[in-house]
Amino acid sequence: VIAGMLLSARDIIGGNAWVKANADDENVGKAAEKAKKQFAGGEITGKTLGIIGLGAIGKRVAVAASALGMDIVGYDPFMDAVAAEQIVSGLRFVTDLDDLYEASDYITIHVPATDQTRGMIDAAAIGKMRDGVVFLNFSRDALVNDPDMAAALESGKVLRYVSDFANPAVVKMPNAIVLPHLGASTAEAEDNCAIMAVNEVMNYLTTGEKVNCVNL
């Protein structure tokens, strides 16, 4: 999520593509200094990040973004302000999503796909956001209404849409940064998943305890 936010703030992808395209230029270093203006962006320090869903991932994003100098606005219908205050100092907790939409330069969503959340990021929700907002969806594909997001990107209402859910609609959206689903694609994550699975089975066989259950 943090990497996606940085990619949206600075045109790192465009800059890297330019360098590769000019790899045969003997003066590529000097040329790059002249060309870098076209890849300029903005800083995330001092900007406001809205986090929809303050569960395990949302909490970590809040802590990391705050450490990078961002102001944090959080929303979670299953949490109260007292609990939210324990996540990170200065987090502003709201009980109305509209308040988060209106306050945020960047918005990241971390909720499950349910009957209540599918398509929740639609034209109505986007219309309440700041002009030029960056929206990050590393949670569930179905949370965002693709046609509405495409229209918002086309108009400039949404500056960037960053997601790791590649589907035929999203990959063709203008100003979208679409990645493979890379969240768990590390050697460490693979090892941790294996250890967790073994511990789950051992705990159940020895104590009957069931934790981290997904499909009961």
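How many salt bridges does the structure hold? I looked this up first. The structure holds five. I took a salt bridge to be a side-chain nitrogen of Lys or Arg within 4 Å of a carboxyl oxygen of Asp or Glu.

**Ground rules**

I am working on a predicted model, where local features need pLDDT of at least 70, side-chain atom pairs count only at pLDDT 80 or more, and totals for chains, interfaces and linings use all residues. Residues are numbered from 1 along each chain as its sequence is written, and side-chain values use heavy atoms, with hydrogens and water left out.

**Overall build**

I noted nine helices and seven strands in the protein. These are DSSP runs, numbered from the N terminus: helices are H or I with at least four residues, strands are E with at least two. The C-alpha trace spans about 65 × 40 × 35 Å along its principal axes. Of the 216 residues, 36% are buried. Buried means under 20% relative accessible area, exposed means over 50%, and partly exposed lies in between (1.4 Å probe, protein chains only).

**Salt bridges**

D98 bridges to K128, with the closest N and O atoms 3.2 Å apart. This pair links distant parts of the chain, 30 residues apart: D98 sits in helix α6 (residues 97-103), K128 in the loop between α7 (123-127) and β5. D98 counts as partly exposed because its relative accessible area is 24%. K128 is also partly exposed, at 37%.

Next I checked K157 and D131. Their closest N and O atoms are 2.8 Å apart. K157 lies in the loop between α8 (146-155) and β6, D131 in the loop between α7 and β5, 26 residues apart. Is K157 buried or exposed? K157 has 18% relative accessibility, so it counts as buried. D131, at 65%, counts as exposed.

I also looked at R118 and D115, whose side chains meet at 3.1 Å, N to O. R118 is partly exposed at 46%. D115 is exposed at 68%.

**Aromatic pair**

I found one aromatic pair in the structure. The ring centres of F135 and Y161 are 6.3 Å apart and the planes stand at 35 degrees, so the pair is tilted. The cut-offs I used: rings of Phe, Tyr and Trp (its six-membered ring) pair if their centres lie within 6.5 Å; planes under 30 degrees apart are stacked, over 60 edge-to-face, and the rest tilted. F135 belongs to strand β5 (residues 133-137) and Y161 to strand β6 (residues 158-163), 26 residues apart. Both residues are buried.

**Largest pocket**

Which residues lie nearest the centre of the largest pocket? I wrote down I57, H110, F138, S139 and R140, out of 40 lining residues. The elements giving two or more residues to the lining are α1 (2-9), α4 (56-67) and α9. The volume is about 1,300 Å³, meaning the space filled by probe spheres set on the grid points, which are joined across faces, edges and corners. A pocket here is an open set of points on a 1 Å grid over the protein atoms alone, where a 1.4 Å probe fits, with protein on both sides within 12 Å along at least five of seven lines; lining residues have an atom within 4 Å of a point.

**Surface patch**

Last, I checked V201, Y204 and L205. They form a nonpolar surface patch with about 340 Å² of accessible area together. Areas come from the Shrake-Rupley method with a 1.4 Å probe, and for residues only the protein chains shown count as cover. Patch residues have over 30% relative accessible area and no salt bridge; nonpolar side chains (Val, Leu, Ile, Met, Phe, Trp, Tyr) are joined within 5 Å, like charges within 9 Å. Y204 is found in helix α9 (residues 187-207). Y204 is partly exposed, at 45% relative accessible area.
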